[in-house]
Amino acid sequence: MPNLIDNPEEYFRQFLPKRDQLLMELEEEARREGIPIVGPIVGELLHILARATQSRRILELGTATGYSTIFLARAFEPTQGRLVTIDNDSDMAARAKINFHRAGLDQQIDMVVGDSQEKLFEMDESFDLVFLDIDKEDYAAVLPHCGRLLKKGGLLIADNVRFKNADPFNRLISESSKWRSVNLFAYLPLHSPEKDGLCLALRL
Ligand SMILES: C[S@@+](CC[C@H](N)C(=O)[O-])C[C@H]1O[C@@H](n2cnc3c(N)ncnc32)[C@H](O)[C@@H]1O
């Protein structure tokens, strides 16, 4: 038997990444209102992946209050980089814009209000990284656009792939010759939900 730490869920909670006041407030607000944000583990993972890939142009589908957006945009060098984030809920978008201003990131983030699929049809710019976090039944429909807009060698990160309605997306991406993908099924403290899956995929 491998010599594993007991109660890993309790044990790893002590290593949650440190967050500033703004992110902690957004977490508290999300808890109160039941807003499904990625939480500090996936937030930190997004930040690390954006920095490691030296992403200068990031596309996010599913903003909510802008929690994950802030982790991603903070990976840019000051005054460099551009992030486009899309949400179909105008109230959420308005709240996110206030949070981007509070984070000092409003110059780097374009908040687009509308349905992802419709907005992506109109776009032709190229991105280094795409983060997918909209309704899971929409994942399969936006995947071809993500493939078109992501540069070759770019990274796609899709949250919540354990949801049943992400199944068509999971099958599509794993069978496509355009992607090299892996699914991580992990315990993610403070993630919504905590026992969830995440897909990382390279655009070939
Ligand atoms: C899970 S929340 C995003 C959470 C955010 N990424 C975070 O971790 O802080 C999903 C958001 O996607 C939006 N949404 C759902 N389906 C959408 C679609 N087809 N197009 C655009 N936005 C969508 C919802 O309004 C909601 O605010």
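Guide: Two residues are in contact here if their C-beta atoms, placed from the backbone, lie within 7 Å. The model is a predicted one. With that cut-off, Y139, A140 and L143 in helix 7 meet P168, F169, L172 and I173 in helix 8. By class, this contact of helix 7 with helix 8 has 7 nonpolar residues, no polar and no charged ones.

Helix 8 is the part to follow. Helix 8 runs over residues 167-175, and its buried residues are F169, N170 and I173. These three lie on the same side of helix 8, because they cover an arc of only 100° around the axis. On the other side of helix 8, R171 and E175 are exposed. The cover over the buried residues of helix 8 includes helix 7 (139-149) as well as strand 5 (150-159), strand 6 (179-187) and strand 7 (195-203).

Now the setting. The protein has 8 helices and 7 strands. Its radius of gyration is 16 Å, close to the 17 Å that the globule rule gives for 204 residues, so the protein is as compact as a globular protein of that length. The C-alpha trace spans about 50 × 40 × 30 Å along its principal axes. Of the 204 residues, 39% count as buried. Among contacts between residues at least 6 apart in sequence, 72% join residues at least 24 apart.

Notes: Residues are numbered from 1 along each chain as its sequence is written. This is a predicted model: local features need pLDDT of at least 70, side-chain atom pairs count only at pLDDT 80 or more; totals for chains, interfaces and linings use all residues. A residue is buried if 20 or more other C-beta atoms lie within 10 Å of its own, exposed if 12 or fewer, and partly exposed in between; C-beta atoms are placed from the backbone. Helices (H or I, at least four residues) and strands (E, at least two) are DSSP runs, numbered from the N terminus. The arc is that of the directions from the helix axis to the C-beta atoms. The radius of gyration is taken over C-alpha atoms; the globule rule is 2.2 Å times the number of residues to the power 0.38. Ala, Val, Leu, Ile, Met, Phe, Trp, Tyr, Cys and Pro count as nonpolar, Asp, Glu, Lys and Arg as charged, and the others, Gly among them, as polar.
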